[in-house]
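Hi,

Here is the structure I promised to pass on. Have a look at it first, and then read my notes below.

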Amino acid sequence: MDTSTNKNTSKKADNLASYTKDKSGKALTSRQGLKVNDTNTSLKAGERGATLLEDFLLREKITNFDHERIPERIVHARGSAAHGYFELYESLEKYTKAGIFTDTSRKTPVFTRFSTVAGSKGSPDLARDVRGFAVKFYTEEGTWDLVGNNMPIFFIQDAMKFPDLIHSVKPEPDREIPQAASAHDTFYDFISLTTETLHNHIWVMSDRGIPRSLRMMEGFGIHTFRFINDIGEAHFVRFHWKPLLGVHSVTWDEAVKINGADSDFHRRDLWDAIEAEQFPEWELGVQIIPEEDEHKFEFDLLDPTKLIPEEMVPVKIVGKMTLNRNPDNFFAETEQVAFLLGNIVPGIDFTNDPLLQGRLFSYRDTQLSRLGSPNFHQIPINQPIVDVHNNQRDGHMQMSIHKGKTAYFPNTLGGGCPHLSKISEGAFHSYQERIDAKKIRARSESFNDHFSQPALFYRSLEQWEKNHVADAYTFELGKCENKPIKKRMLWLINQIDEHLAEKVAKGLGLKVPDAIDKPINQAIGADTDVEKHQPGKKKIYLEKSQPLSQTHIASDSIATRQIAVLAADGFRMEDFEKMKTALEKENAVIKMIAPQGESISCNQDMQHHVDAAIMTTESVLFDAVYIPGGEASIQSLCEQPKFIKFVTEAFKHCKAIAVDHEGIALIKASKYIEYENDAAFFIDAEAKEFIAAIAQHRNWDREKVAKNIPV
């Protein structure tokens, strides 16, 4: 027997215990004073088994968290939503009996809500954050809610950790700052001690955390669910929403300025697009995995912090969602809509993903707190399109008038109604998964790989995306005051990628630590073997995955792109009319920006409506800039410094810029713009070239010369 190994393990366990122990010496207890040895893991039927209803510690912790605030949502408070419909391209009856996935003649109504996670209801739209992407399908078999995010993974692996995650990212409780921001000590203290968070965290540090538009971001169901077909066969499935406009983001410099110029930027963008009948569209894709392939990957399908690379399991596009109607009343619909993970239909079922299992409890509990009644399903936006018959009665805000004397089953006085349905008649039937396990509060060791997938994500990015990730880490950690937290984070980033860690360390004025004295991963119980749940070294089972880079999720469309036209009295109508016609043919939105409001006149003495005076708008609100010629117009623009600032910022943010004739004088008035040999800068060019550059979103090669422009 190797006693030295036992002593070493014991020493490390003691080390962990002393590290996690409160300085006051107080032991963690339940609300009844019961000492707790694990507040990180839920009670399961085996390490990879279902979470058990008897877990009173989980229910106590989650219940308290769910009821902390009313009526605003604790998370996802800042939201925008729209009505629409879903259409199926082809039947998936081989995999599922769900009518929404087998009947191509259906046009299923949907209500989709997008949201930020960390901020309050009044926080700005352009916070660096995960975005919620929740879809309520009003199907003919009942309501199905697909509740996900704009990132394919989540921060934590077990629902027991959700209150800790949100408490860490919310404003620090002693001072209630910062709002809607993760750049502070409590968040990074938690992140650096809970290494399962690193994958979702690097996504947030990428440009995915600051999308250009809610209409230009992907959506994911996050969890592994099950499809069940007519003969009871099961397949694992993950859901993907692919936007037809492509996936695009803004820079951090833009996000900061947009929050000041228009804190409702995303909300306004979604509303205006629908009002203009430029309806947002997403195709729904599925990754389907046979049950016998459950363990063939080098990661665990039940781990919500892991994605399935599309190179390993292709995404099959099966349908399309179109959002075509804005809410009539924000509070009644967007604010009162209640999404529940437990809202499913026959043909779809759950897995033992421990985060999913906890959400099944938490979402209903939260809605009870927010909406004040178990009858929240009777609010119009939450009502199914099928009839509801059951023996559930009364309660606060009961809006149905139930008739008859029976409210129980079985009965004869009510004619046996409502009666039970057979599975063959469309009744829901849970998948009969074999369970043979010990009741245990533990986490599977197959969940322990915390570095491989964040490393895969980073390797898959283009260089400009990698630069933005490094800048984001540097900014966020630079706002932290606690040096040991910064060092822990640098060590962890170094496990993901050494070059990334070096860049961040240089920006912080620190060195990457060679080692950390204390154990890193602390999302374990007090009696858990320390070494067993420390993350191992990263694996490379795939060099790159193209769909992880926004560069490869592009679109040729410039529909709804906002084009700023800078002009004053005397602008050249011939230039403007030609460009305007070409842009509007592609469904771009033209906005006239002038020295003053109301109207300006062109060189043909025609009056043109002004959308914004220069003092009331900012360059960051637009996707591209066009400057028509006209000597008098350009002279007037050059006399106002904000027009020079406008074009300089557009250049700094790598946007497409086109000028005609005398318009080049406004560009030359900026000493920072180097437009020669710039792929997204056009002088007297054809409109089609300008349009192609707008469709590329940005000329990121320009960052090499533009990143140091001080505007």
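**Aromatic pairs and other contacts**

Going by the ring-pairing rule, there are 29 aromatic pairs. Keep in mind while you read that this is a predicted model.

F86 belongs to strand β2 (residues 79–88) and W241 to strand β8 (residues 234–243), so the pair ties together parts that lie 155 residues apart in sequence. Are these two buried or exposed? F86 has a relative accessible area of 1%, and because the cut-off for buried is under 20%, F86 is buried. W241 is buried too, with a relative accessible area of 1%.

Another pair is F154 with F162, and this one is tilted, with 5.8 Å from centre to centre and 35 degrees between the planes. Both F154 and F162 are buried.

Back to F86 and W241: ring pairs link them into a cluster with F101, F114, F133, F137, W144, F225, F227, F239 and W282.

**Lysines over rings**

Two lysines are worth a click as well. K136 has its charged end over the ring of F339, at 5.2 Å from the ring centre. K466 does likewise with Y458, where the charged end sits over the ring at 5.3 Å from its centre.

**Around R459**

K466 also turns up in the surroundings of R459. Setting aside neighbours within four places in sequence, R459 contacts K466, I540, L542, E543 and K544. With E543 there is a polar contact: a polar atom of the R459 side chain lies 2.9 Å from the backbone oxygen of E543. R459 itself is part of helix α10 (residues 452–460). How does an arginine like R459 come out, buried or exposed? Its relative accessibility is 12%, so R459 counts as buried.

**Helix α2**

Last stop is helix α2 (residues 56–66), where the buried residues are L57, L58, K61, I62, F65 and D66. They span an arc of only 155 degrees around the axis, so they are on the same side of α2. What do the buried residues of α2 pack against? Their partners are α3 (162–169) and α9 (354–371). F162, from the tilted pair with F154, falls within the range of α3.

Cheers

Note on methods: Residues numbered from 1 in each chain as written. Predicted model: local features only at pLDDT ≥ 70, side-chain atom pairs only at ≥ 80, totals over all residues. Heavy atoms only, no water. Helix = DSSP H or I, 4+ residues; strand = E, 2+ residues; numbered from the N terminus. Buried < 20%, exposed > 50% of the residue type's maximum accessible area, 1.4 Å probe, protein only. Polar contact = N/O pair within 3.5 Å; in protein donor to acceptor, adjacent residues only side chain to side chain. Contact = heavy atoms within 4.5 Å. Phe/Tyr/Trp six-rings, centres within 6.5 Å; stacked < 30°, edge-to-face > 60°. Lys NZ or Arg CZ within 6 Å of the ring centre and 35° of its normal. Arc of directions from axis to C-beta.
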